[in-house]
Amino acid sequence: MGEVIFGSGGVVPAAELPDVELYHAKTWITKYVFSQDAKVIAVQYSITAMAIGVVALVLSWLMRLQLGFPGTFSFISAEGYYQFITMHGMIMVIYLLTALFLGGFGNYLIPLMVGARDMVFPYANMLSYWLYLLAVLVLVASIFAPGGPTGAGWTLYPPQAILGGTPGAEAGIILMLLSLILFIIGFTMGGLNYVVTVLQGRTRGMTLMRMPLTVWGIFTATVMALLAFPALFVAAVMMLFDRTLGTSFFMPSLVSMGEHLKYGGGSPILWQHLFWFFGHPEVYIVALPAFGIVSDLISVHARKAIFGYRMMVWAIVIIGALSFVVWAHHMYVSGMNLNFGFFFAVTTLIIAVPTAIKVYNWVLTLWHADIHLTVPMLFALGFVVTFVNGGLTGLFLGNVVVDLPLSATMFVVAHFHMVMGVAPILVVFGGIYHWYPKVTGRMMDDRLGKLHFWVTFLGAYAIFFPMHYLGLIGVPRRYYELGETAFIPKSAETLNVFITLAALIVGAAQMVFLFNLVRSLFNGRLAGGNPWNATSLEWQTPETPPAHGNWGKELPVVYRWAYDYSVPGAERDFIPQNQPPAGVAAQATITAVSAAH
Amino acid sequence: MLLFLAVVAAISGWWLSQQRLTSKPWLEEGVQGDFPGTGASSLPAAKLGLGVFLAVVGSLFALLISAYLMRVSTTSLNILDGPKLPGPRLLWFNTGMLVLSSVALQWAWLQARRRQMDGVRVNLLVAAVSALAFVAGQLLVWRQLTQSGYFLTSSPANSFFYLLTGVHGLHVLGGLAALGRTIARAWPGVATEPMRLGVELCAIYWHFLLLIWLVVFSLVMGWADDFADICRALIT
């Protein structure tokens with residue numbers, strides 16, 4: 001690799017890497033199917049994730065139909081209901097959100113945003129996608145396995161997850177665990193790529209503190225995922241041993257159906273610790289890329305530099321670090337030591353500080369800005385509002401005394417759907433509307449997009465706001481039907497019908513989105529290279545959609561940070577990152593300003 | 001696990017502190033100095049990739065071991081040590097083999113840097129053979145244990161023993177695949193850049209696996225019981 005060493009000891013990659021370093025596809029198959037191009041892999045990841053996401057969406061419809069109209073639908077049994085819950089949760093958290101943010105957005109945006117030609121290990125990157133696809137297929141296979149998919153809840157708590165009587169205890173749970181193991185191996189391959197590409201693949205001038213926040217968010221989330229997913233891996237392997245080989249890692253001695261089982265000496269709590277040691281960072285693995293993307297969407301569509309860039313970076317890193325020491329707040333009801341609970345409540349509440357900094361900075365970026373209410377901007381604003389809502393109820397649940405009575409109610413369902421269901425999904429949509437023109441060269445339809453936004457946004461509130469109330473009056477979660485319960489008023493049933501109707505409508509609105517996605521591919525308005533007048537590197541590619549290798553003959557050189565919007569004196573209201581300073585009229589004044597500091 | 005996290009945090013903290021995080025990008029325009037350095041390190045990407053991968057492997061074993069320690073410390077020991085595992089003498093031999101393998105690779109790396117290709121080839125072969133001997137030895141230990149009645153499912157202690165040694169063995173086997181490729185590269189006897197990098201990466205990986213094995217070994221032999229006691233005292 002040709003490298004030029006500079007006086008300060010820093011190493012500057014050569015303007016052009018030797019051609020051999022870039023893998024060139026020769027056949028149609030290696031170009032579009034077994035492709036090693038990060039952009040193709042990103043699209044593959046996204047399509048797979050959205051396809052399995054539609055399955056999870058339909059499952060949520062089925063659950064809501066049961067809750068809204070208990071006993072009306074003969075095809076929803078109690079077992080089926082638990083299977084729907086489990087698969088819905090697992091798919092949405094891992095196979096949709098994690099895969100889409102890191103595998104989809106990560107693959108597409110990291111090389112383009114840091115000015116690289118591709119990921120550093122393209123072959124491992126390709127394997128990563130195919131292992132992910134295999135994991136999804138194994139997961140889907142479990143739906144058709146004898147006994148159906150597992151119905152143990154997405155947390156798969158032992159001992160009940162692998163005992164007879166739980167739906168899917170025969171084959172479903174085995175396939176579920178295998179699928180998770182495959183997913184984690186595949187993710188590790190991709191994750192190594194994302195991290196090393198950010199560290200080593202940056203073009204000349206792209207210092208870490210000049211990277212767009214999207215890259216910071218995805219980068220930090222990937223580091224966290226690489227450290228947290230092994231916990232799930234270990235747990236899944238151990239449970240697989242328990243289920244298939246008869247070990248007792250998680251299984252205490254117990255009597256089932258009057259029979260002494262062969263298990264003995266294991267600890268179910270151990271699973272909870274391992275699971276949540278993965279599970280809590282997972283929340284931020286989904287949230288941090290969303291934070292990053294939203295920061296960029298707001299900045300671009302408000303034509304203003306992000307407020308407090310440095311604080312935003314620090315907050316991302318601090319949130320990432322803190323999220324490793326809060327896991328037990330998911331286990332307050334497990335009978336833990338009170339001092340333990342106190343410690344985890346404190347760390348949990350401390351996370352609110354960097355998170356609040358981020359929210360303030362988003363709001364302050366909007367202050368006196370030239371806000372364009374484009375579809376991506378609408379979704380970004382929707383995210384900020386929703387995230388604040390979900391975060392506030394998180395402050396309630398972070399306290400042990402408040403969590404204990406609420407833990408098993410719909411309040412928790414409402415909280416986590418707001419904060420890590422609706423909020424990140426809004427960002428996913430915003431991101432897709434924003435970068436779709438770069439991926440395809442065409443704009444998505446604006447009117448359909450606005451329809452999609454308003455129905456989704458208002459509909460999500462219609463679904464989840466009433467759930468807080470249901471939780472406060474004591475409606476339990478995880479129940480197949482409520483039956484005759486003295487303390488639950490009749491009105492709760494009416495509310496459940498309302499929520500179900502809202503859920504059906506919101507689900508249908510997603511079909512509008514999918515329709516728009518496909519139709520714009522052929523009929524969308526031609527976008528040109530930089531439809532949003534954005535500064536970051538991915539909008540400055542010589543071709544749109546970017547060709548293999550991203551940057552024509554020479555890699556771009558970066559002269560400024562990613563947020564030069566509405567700079568006084570500049571001829572346009574944005575200055576691309578790769579525009580050399582000589583071309584800017586305001587050069588002299590800016591140098592004067594920085595000299596003054 | 002917390003120990004491991006502290007190490008990772010220290011490394012990333014050190015790295016972050018090198019990255020001019022306090023710079024104010026909105027005031028800087030154009031070039032810093034004459035040519036903006038990216039702050040990327042001069043390590044080859046593959047080496048950095050291995051480093052990150054080792055962090056993942058380290059996380060995996062740290063979690064397995066902390067699961068074991070938690071298991072030991074949350075309940076009374078009498079279930080775990082049911083029939084306490086004997087530390088078979090063969091384990092000492094295996095440890096020796098792994099040390100030999102690691103030393104041979106270190107040697108090969110030194111010679112690769114000095115371009116002494118004959119020595120590189122011999123040492124790589126020694127390393128591969130002794131690593132294979134290690135894996136074979138571990139399988140023998142498993143056999144001895146099952147023959148004397150310590151099955152995978154007999155007690156959680158046994159399960160953990162088989163799991164830890166099994167996962168470690170698989171990592172050695174994975175390393176052997178990479179080592180095989182490196183040997184194939186070294187065979188023509190020409191000191192090429194990718195070959196030298198391959199030897200170096202193998203050596204680093206081997207040292208790491210040796211370190212993990214020593215920790216696992218000390219757990220199995222019961223030398224870490226004091227440490228487990230401390231953990232128990234912390235939790236209860």
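The model is a predicted one.

Of the 236 residues in chain B, 36% are buried. As for how the chain contacts itself, 79% of the contacts between residues at least 6 apart in sequence join residues at least 24 apart.

One pairing in chain B brings together helix 4 (residues 89-113) and helix 7 (residues 193-220), whose axes come within 9 Å and cross at roughly 155°. Since an angle over 145 degrees counts as roughly antiparallel, helix 4 of chain B is roughly antiparallel to helix 7 of chain B. The crossing of these two helices is left-handed. On the helix 4 side of chain B, the contact involves residues including B:L91, B:L98, B:L105 and B:W109, while helix 7 of chain B contributes, among others, B:V199, B:W206, B:L210, B:W213 and B:F217. Among the residues taking part are B:R113 of helix 4 and B:R196 and B:E200 of helix 7.

Over in chain A, A:M90 sits in helix 3, which spans residues 78-114. With 22 other C-beta atoms within 10 Å, A:M90 is buried, the cut-off being 20 or more. A:M90 and A:M176 are 86 residues apart in sequence, yet their C-alpha atoms are 9.4 Å apart in space.

Conventions
Residues numbered from 1 in each chain as written. Chains lettered and ligands numbered in written order. Predicted model: local features only at pLDDT ≥ 70, side-chain atom pairs only at ≥ 80, totals over all residues. Helix = DSSP H or I, 4+ residues; strand = E, 2+ residues; numbered from the N terminus. Buried ≥ 20, exposed ≤ 12 C-beta atoms within 10 Å, placed from the backbone. Axes fitted to C-alpha atoms, helices over the stretch in contact; angles between N-to-C directions. Parallel < 35°, antiparallel > 145°, perpendicular 65-115°, else oblique. Left-handed = near helix turned anticlockwise from the far one by under 90°. Contact = placed C-beta atoms within 7 Å.
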